[in-house]
Amino acid sequence: MSDFKELNKRSANAYAQQRNLIKQVLAGKAKQCEHCKQPLFVVLPGQEKAPGVYCTKGCTSIELELSLPK
Ligand SMILES: [Zn+2]
């Protein structure tokens, strides 16, 4: 049971980190993928890809669940 709790805590943490990352990229900060060191870019709603934050190699792929105001 405690393992499960720990896992939950960890994924909540990762989630918070992702949200933070998205916020920073959306704010225009240059961030790099922590795996391939390529710059991260934002895909906004209405583009052909699902909205989110991606790196060119695809190892970072965080889809946005929130819909941004148009
Ligand atoms: Zn990458």
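The following exercises work through a predicted model, from its overall make-up to single residues.

Because the model is predicted, local features need pLDDT of at least 70 and side-chain atom pairs count only at pLDDT 80 or more, while totals for chains, interfaces and linings use all residues. Residues are numbered from 1 along each chain as its sequence is written, and side-chain values use heavy atoms, with hydrogens and water left out.

**Exercise 1. Overall make-up**

State which secondary structure elements the protein has and what part of it is buried.

Step 1. Helices (H or I, at least four residues) and strands (E, at least two) are DSSP runs, numbered from the N terminus. The protein has 1 helix and 3 strands, and their order along the sequence is α-β-β-β.

Step 2. Taken along the principal axes, the C-alpha atoms fill a box of roughly 40 × 30 × 20 Å.

Step 3. Buried means under 20% relative accessible area, exposed over 50%, and partly exposed in between (1.4 Å probe, protein chains only). Of the 70 residues, 20% count as buried.

Step 4. A contact means heavy atoms within 4.5 Å. Among the contacts with a separation of 6 or more, 21% are between residues 24 or more positions apart.

**Exercise 2. The zinc site**

Find which residues coordinate the zinc ion, and determine the geometry of the site.

Step 1. Donors are N, O and S atoms within 2.8 Å of the metal (3.2 Å for Na, K and Ca); water is not among the atoms, so sites may look incomplete. The zinc ion is coordinated by the SG atoms of Cys33, Cys36, Cys55 and Cys59, at 2.2 to 2.3 Å.

Step 2. Four donors count as tetrahedral if all angles lie between 85 and 135 degrees; four count as square planar and six as octahedral if opposite donors are over 155 degrees apart and all others between 65 and 115; anything else is irregular. The angles among the 4 donor atoms here are 107 to 114°, and the site is tetrahedral. The ideal angle for four tetrahedral donors is 109.5 degrees.

Step 3. The spacing of the donor residues in sequence is C-x2-C-x18-C-x3-C. Cys33 lies in the loop between helix H1 (2-26) and strand S1 (40-43), and Cys59 in the loop between strand S2 (52-55) and strand S3 (61-63), so this pair ties together parts 26 residues apart in sequence.

Step 4. The two residues can also be described by accessibility. Cys33 is buried, at 1% relative accessible area, whereas Cys59 is partly exposed, at 40%.

**Exercise 3. Helix H1**

Step 1. Leu21, Ile22 and Val25 of H1 are buried.

Step 2. After H1 comes Gly28, with a positive phi near 95°. Lys37, in the loop between H1 and S1, has a positive phi of about 65° although it is not a glycine.

**Exercise 4. Thr60 and Val43**

Decide whether Thr60 is buried or exposed, and list what Val43 touches beyond four places in sequence.

Step 1. Thr60 sits in the loop between S2 and S3. Thr60 has a relative accessible area of 10%, so it is buried.

Step 2. Apart from neighbours within four places in sequence, Thr60 is in contact with Cys33, His35, Leu40, Val53, Tyr54 and Cys55. Among these, Cys33 and Cys55 are residues that coordinate the zinc ion.

Step 3. Val43 is part of strand S1 and is buried, at 5% relative accessibility. Setting aside residues up to four places away, Val43 touches Lys49, Ala50, Pro51, Gly52 and Tyr54.
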